[in-house]
Amino acid sequence: MIKELPGSRTLRRLRRSGRPPAAAAPARASAAACAVLAGCAVLAGCAAKAPAPGPGPGPGPDELIKAATQRLTDACLTRQGLVPPRPGPGRPWDAGDRRVSAALFGAGPAELSLALPTGHVVRAHTDGCLAAAQQRLYGDQPGWFRASVVVNNLRPEADHTHRDLAEVRARHRAEIADWERLRARAATEAKTVLTSPPPKGNPPA
């Protein structure tokens, strides 16, 4: 089965990333498709604002990455004369707006793909505002794609191959290490994005 990532056709449900799962979500039709956009759930929900300073430990990595991704993608779309999607009560996002979808998620054949042991093939674009934002934050968008898809599908792989989750995690130590390294970089980079003037050019590759 081939899964197209959000934006290749319509905006799909996105989910927030967490720590490498001790028990990941069950294998669903949308699980693999959502994995690579972990941490970008805001694109399917309300607008994210830069976390306001205040008492306490402050926003976590996911909140920082999400807000920075929103800021970068909004700026990218605005530079193209497009209105960033803001779905919500009474304001449904028009999934039929192909121009916005193509600008945000990329168009044409997907450049990245990864076949999973579950039989799914996950695909993603390297063009579009979201890919550019991920490249800016993670420093390696193809690497983040591979690591996040694997890490977010550890449980489905364990279920499908009838292996213990610990064994599957051991088989993917390299991908888990990449996931942790790239996510840490993105959290650090997100702080720079959120404390700098709004970007005026495309996020650097």
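Which residues of strand β2 (residues 112-115) lie on its covered face, and which on the uncovered one? Before you click, note that this is a predicted model, where local features need pLDDT of at least 70, side-chain atom pairs count only at pLDDT 80 or more, and totals for chains, interfaces and linings use all residues. Residues are numbered from 1 along each chain as its sequence is written, and side-chain values use heavy atoms, with hydrogens and water left out.

**Stop 1: the hairpin**

Select β2 and show its side chains. Leu112 and Leu114 make up the covered face, while Ser113 and Ala115 are on the uncovered one. In a regular strand, side chains alternate between the two faces of the sheet. Strands here are DSSP runs (E, at least two residues) and helices likewise (H or I, at least four), numbered from the N terminus.

Strands count as paired if DSSP finds at least two bridges between them. Look for Leu112 opposite Ala124, then for Ala115 opposite Val121. Five residues separate the strands of this hairpin, and Gly119 in the turn has a positive phi of about 100°.

**Stop 2: α2 against α4**

Next, select helix α2 (residues 61-79) and helix α4 (residues 129-138); their axes come within 9 Å and cross at roughly 135°. Axes are lines fitted to C-alpha atoms, for helices over the stretch in contact, and angles run from 0 to 180 degrees between N-to-C directions. The two helices are therefore oblique to each other; under 35 degrees counts as roughly parallel, over 145 as roughly antiparallel, 65 to 115 as roughly perpendicular and the rest as oblique.

Show the side chains at this contact (heavy atoms within 4.5 Å). Residues of α2 including Ile65, Leu72 and Cys76 meet a set in α4 that includes Leu130, Ala133 and Leu137.

**Stop 3: α4 against α8**

Finish by selecting Arg136, Leu137 and Tyr138 in α4, which meet α8 residues, among them Leu182, Arg185 and Glu189.

Technical notes:
Buried means under 20% relative accessible area, exposed over 50%, partly exposed in between (1.4 Å probe, protein chains only).
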